[in-house]
Amino acid sequence: GQLRDGTMVTVDDYREAYWFLRDNTPEDSRVMAWWDYGYQITGIANRTTIADGNTWNHEHIATLGRTLTAPVDEAHRIIQHLADYVLVWAGGGGDDMAKSPHLARIANSVYEGVCPGDPTCQLFGFNRESGTATPMMKKSLLYQLHQHGENGVTVDPALFQEAFRSKYGKVRIFKVMDVDEESKAWVADPANKICDAPGSWYCTGQYPPGIDWLISQRISFAQLEDFNKKRDSKAEKYHKDYMARMA
C-alpha cells in the first residue's frame with residue numbers, strides 16, 4: 001500500500017489480526033464477524049466463527065446482520081449469548097462500514113422491524129449530500145466499533161472493550177463483556193446439536209434459549225424469495241415494494 005506521503009508499505013493488518021486471535025484468546029473463543037471473513041478466522045486464527053462463506057441459511061445471516069446493525073445495548077444483549085469477540089474490518093474501501101447498509105437490508109428481509117415499511121432500509125446508510133452516517137447507522141454496533149476512538153466515538157466499555165487494533169487500523173477486535181457462560185456451555189453441549197445423522201458433519205445447530213426472544217421474531221425468507229412458494233399478501237407487498245425502490 002501507499003501512505004499519503006507516497007511511502008510504500010506492506011499492509012499486514014489482516015494476518016496480524018488473525019494471529020492475535022490465535023495467540024491471545026482461549027481456544028474455545030467464538031468470534032462474531034460478517035460472514036465474508038469466516039474462513040479466514042477459522043483457517044488462520046483457528047477460532048470458531050459465527051458464519052462463513054458456506055453458511056447457506058439466509059435466516060442465520062440475517063440474524064448476524066440484525067445483531068451488527070442493532071443499537072449497541074441491544075446488540076450486546078444478543079452477542080453475549082453467541083460470541084466472545086467481535087471483529088470488524090475498517091480503514092475504508094470495502095470495509096464493514098461500506099457494507100453495513102447491505103447488512104441492514106438483509107436483516108430486514110427476515111426481521112421486519114429493523115426498518116418498518118422500508119424494505120431497502122434507506123434510513124440506515126449515508127446521507128447523499130453530506131456523505132455522513134444517518135442517525136440510525138450512528139447508533140449501530142458496527143458503526144460504534146468501526147469508529148471507536150475516532151471522531152469523538154467511544155463504545156461503552158461495560159459492553160465491549162477493544163482488544164486489538166492492527167498497525168494501519170484495518171482490523172479491530174473487541175472483547176465481549178459479561179459473556180453468558182450458561183449459553184456458551186449450552187451451545188457446546190453435543191446434546192444440543194441437530195444433525196442429519198449421528199456423527200454427521202452436517203449439523204444445523206440451535207440457538208441458545210437466551211435469545212429465543214429474538215429468534216421468535218424471524219420470518220421465513222423463502223416466503224419472500226422462493227418462486228416455488230406462494231407468497232401471502234404481506235410477503236407479496238414486501239417484494240413489490242423492494243423491487244420498486246431498487247428500480
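Is Lys99 buried or exposed in this structure? Lys99 is buried, at a relative accessible area of 18%, where buried means under 20% relative accessible area, exposed means over 50%, and partly exposed is in between (1.4 Å probe, protein chains only). This is a predicted model, so to speak: local features need pLDDT of at least 70, side-chain atom pairs count only at pLDDT 80 or more, and totals for chains, interfaces and linings use all residues. Residues are numbered from 1 along each chain as its sequence is written, and side-chain values use heavy atoms, with hydrogens and water left out.

**Salt bridges**

- A salt bridge here is a side-chain nitrogen of Lys or Arg within 4 Å of a carboxyl oxygen of Asp or Glu, and the count by that rule is ten.
- Lys99 has Asp36 as a salt-bridge partner, with the closest N and O atoms 2.9 Å apart.
- That pair ties together distant parts of the chain, 63 residues apart: Asp36 sits in the loop between strand S1 (30-32) and helix H2 (38-43), and Lys99 is in helix H5 (residues 96-108).
- Helices (H or I, at least four residues) and strands (E, at least two) are DSSP runs, numbered from the N terminus.
- Asp36 itself counts as partly exposed, at 29% relative accessibility.
- Another salt bridge brings the side chains of Lys184 and Asp84 together at 3.2 Å, N to O.
- Arg165 is partly exposed at 31% relative accessible area, and Glu150 is partly exposed at 29%.

**The sheet**

- Five strands make an open sheet in the order S2-S1-S3-S5-S4, with mixed pairing.
- Strand S2 (48-49) and S4 are the edge strands, each pairing on one side only; two strands pair if DSSP finds at least two bridges between them.
- S3 runs antiparallel to strand S5 (residues 171-176), with five bridges.
- Across that pairing, Val88 is opposite Arg172 and Leu87 is opposite Ile173.
- On the S4 side, S5 is again in an antiparallel pairing with five bridges, and Glu162 has Phe174 as its bridge partner.
- S4 and S5 form a hairpin with five residues between them, and Gly169 in the turn has a positive phi of about 75°.
- S5 is mostly covered, with five of its six residues buried.

- H3 (residues 58-68) is mostly covered, as ten of its eleven residues are buried; among them are Ile61, Leu64 and Leu68.
- Asn57 caps the N-terminal end of H3, with a side-chain oxygen 2.9 Å from the backbone nitrogen of Glu59.
- Thr67 lies in H3 and is buried at 0% relative accessibility.
- Leaving out residues up to four places away in sequence, Thr67 touches Met32, Ala75, Ile78, Ile79 and Leu141; contact means heavy atoms within 4.5 Å.
- Glu59 is 162 residues from Phe221 in sequence, but their C-alpha atoms are 6.7 Å apart in space.
- Phe221, found in helix H10 (residues 221-225), touches His58, Glu59, Ser109 and Val110, not counting residues up to four places away.

**The nonpolar core**

- A nonpolar core is a set of buried Ala, Val, Leu, Ile, Met, Phe, Trp, Tyr and Cys residues joined through side-chain atoms within 4.5 Å.
- The largest has 59 residues, and Met32, Ile79, Val86, Leu87 and Phe160 touch the most other members.
- S3 gives this core its largest share, five residues.
- Beyond its neighbours within four places in sequence, Phe160 is in contact with residues including Val72, His76, Ile79, Leu145 and Phe174.

Technical notes
A polar contact is a pair of N or O atoms within 3.5 Å; within protein, one must be able to donate a hydrogen and the other to accept it, and residues adjacent in sequence count only if both atoms are side-chain atoms.
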